[in-house]
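Subject: Structure handover

Hi,

Here is the structure I promised. Please open it alongside this email; my notes follow below.

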Amino acid sequence: MQFNELASKPGFPQIPSEEMSTHKFEVPIAVDGEQRFYTVTINPLFDKRVLTGRLFVCKDITEEKAHEEKLESLNKLKDKLFSIISHDLRSPLISLLDLLTLNSDGYISDEELKELIPQLQKNVGYTSSLLENLLQWSKSQLENEVPNRKLVRVDAVGLKMMNGFQYRAESKGISMRNSIADCTVVFADQDMVEAVFRNLLSNAIKFCNEGDSIEMSSNVSDDQTVICIADTGIGIAEEDSRKLFKADTFTKRGTRDEKGTGLGLLLAKDFVEKNNGKIWVESLQGVGSKFFFSLPTYRIASELPELEVT
């Protein structure tokens, strides 16, 4: 872009004609409908101490600005992760160790310890899930980490993940149904797809009450396959929906006081986007929630992988 054209844009700094000092600005300017950022340095020019003109030096810093914002976002997330590791991950392990120590020293009987097992199981399950998310997120942030894309049957992955959550759902009186069409195939990293299902299903169970239901379904087009995980749980307030999938993670306690960190949804967003997809939510408080994510469709039937469910 020519300087005269840039200088005519709204937001470009204007200097009084009598001003004789050097100025430096950082300004956002709309260029061809796109917001770009520039640093503008204005140096006065003198001839025998008489101001004869000004030298304008403009530099497009849009990419640098985006890099700075990304670093700031990652730093916020790093601080959040340190907080998670020091409190959410450490506290349940210390509690477990303390109880085992009290039992071995004779302060708590085996019968008393047995009564505490359901709560211990809940805490250890939470810790295990959190550790899995931390490890997967850390791996995903490596500079050279590239998705291992291949043909993935999401109907099989969905069934596998649902089976893994069956006991947890039944313990809360929640029914689950897999309505993803048979032979629904996408081109993506299977480990990442499994992590997305795992976090969305875990989230759905967390916010459901006894008698609620969860259903997985699919909508296949030529280019994209959209997976929906819908529940009839307590739903999400509109202002809270806008806080999801952000680096400044947001979380609430579940219907049985289950804890969370918000890291799971952030991980799901990261993995979906790494596989050229999108993720979003539709929810009504008191009615339920629908979490959607899209992945590239793959349609060559002769290359479909075998259905494997464990």
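Start with Asp 155, which is buried at 4% relative accessibility. Note that the model is predicted. The partner of Asp 155 is Arg 153, and the two form a salt bridge with 2.8 Å between the closest N and O atoms. Arg 153 counts as buried too, at 12% relative accessibility. The cut-off for that label is under 20% relative accessible area. Side chains of opposite charge can pair when their charged atoms come close.

**Overall picture**

The chain has 8 helices and 10 strands. Of its 310 residues, 38% are buried. Take the contacts with a separation of 6 or more: 66% of them join residues 24 or more positions apart.

**More salt bridges**

How many salt bridges does the structure hold? The count is 13. Beyond the pair above, these are worth a look.

- Glu 215 and Arg 177 form a salt bridge, with the closest N and O atoms 3.1 Å apart. Glu 215 sits in strand 7 (residues 213-220) and Arg 177 in strand 5, so this pair ties together parts that are 38 residues apart in sequence. Glu 215 is partly exposed, at 28% relative accessible area.
- Lys 252 and Asp 240 meet through their side chains in a salt bridge, 2.9 Å from N to O. Lys 252 is in the loop between helix 7 (238-241) and helix 8, while Asp 240 is in helix 7, so the pair ties together parts 12 residues apart in sequence. What about burial? Lys 252 is partly exposed, with a relative accessible area of 46%. Asp 240 counts as buried, at 7% relative accessibility.
- Glu 34, Arg 36 and Asp 60 are linked in a network of salt bridges.

**Around Met 162**

Met 162 belongs to helix 4 (residues 154-164). Is Met 162 buried or exposed? Its relative accessible area is 4%, so Met 162 is buried. Which residues does Met 162 touch, not counting those up to four places away in sequence? They are Met 176, Arg 177, Asn 178, Leu 201 and Met 216. Arg 177 is also the salt-bridge partner of Glu 215. The C-alpha atoms of Met 162 and Glu 215 are separated by 9.9 Å, although these residues are 53 residues apart along the chain.

**Around Thr 41**

Thr 41 is part of strand 2 (residues 34-47). At a relative accessible area of 19%, Thr 41 is buried. That label holds because the cut-off for buried is under 20%. Leaving aside neighbours within four places in sequence, Thr 41 is in contact with Thr 22, His 23, Lys 24, Leu 55, Phe 56 and Val 57.

**Surface patches**

Val 57 lies in strand 3 (residues 50-60). Val 57 is partly exposed, with a relative accessible area of 42%.

A patch of negative charge is also on the surface. Asp 110, Glu 111, Glu 112 and Glu 115 gather in it. Glu 111 is in helix 3 (residues 110-140). Glu 111 counts as exposed, at 55% relative accessibility.

**Backbone points to check**

Where are the positive phi values listed here? One is at Cys 183, a residue other than glycine, with phi near 60°. Cys 183 is in the loop between strand 5 (175-179) and strand 6 (185-189). Cys 183 counts as partly exposed, at 41% relative accessibility. Another is at Asn 276, also a residue other than glycine, with phi near 65°. Asn 276 is in the loop between helix 8 (263-274) and strand 9 (279-284).

Best wishes

Key. Residues numbered from 1 in each chain as written. Predicted model: local features only at pLDDT ≥ 70, side-chain atom pairs only at ≥ 80, totals over all residues. Heavy atoms only, no water. Helix = DSSP H or I, 4+ residues; strand = E, 2+ residues; numbered from the N terminus. Buried < 20%, exposed > 50% of the residue type's maximum accessible area, 1.4 Å probe, protein only. Patch = residues over 30% accessible without salt bridge, like charges linked within 9 Å, V, L, I, M, F, W, Y side chains within 5 Å. Areas by Shrake-Rupley, 256 points an atom, 1.4 Å probe, with all protein chains shown as cover. Salt bridge = Lys/Arg side-chain N within 4 Å of Asp/Glu carboxyl O. Lys, Arg positive; Asp, Glu negative; His and termini not counted. Charge placed at Lys NZ, Arg CZ, Asp CG, Glu CD. Contact = heavy atoms within 4.5 Å.
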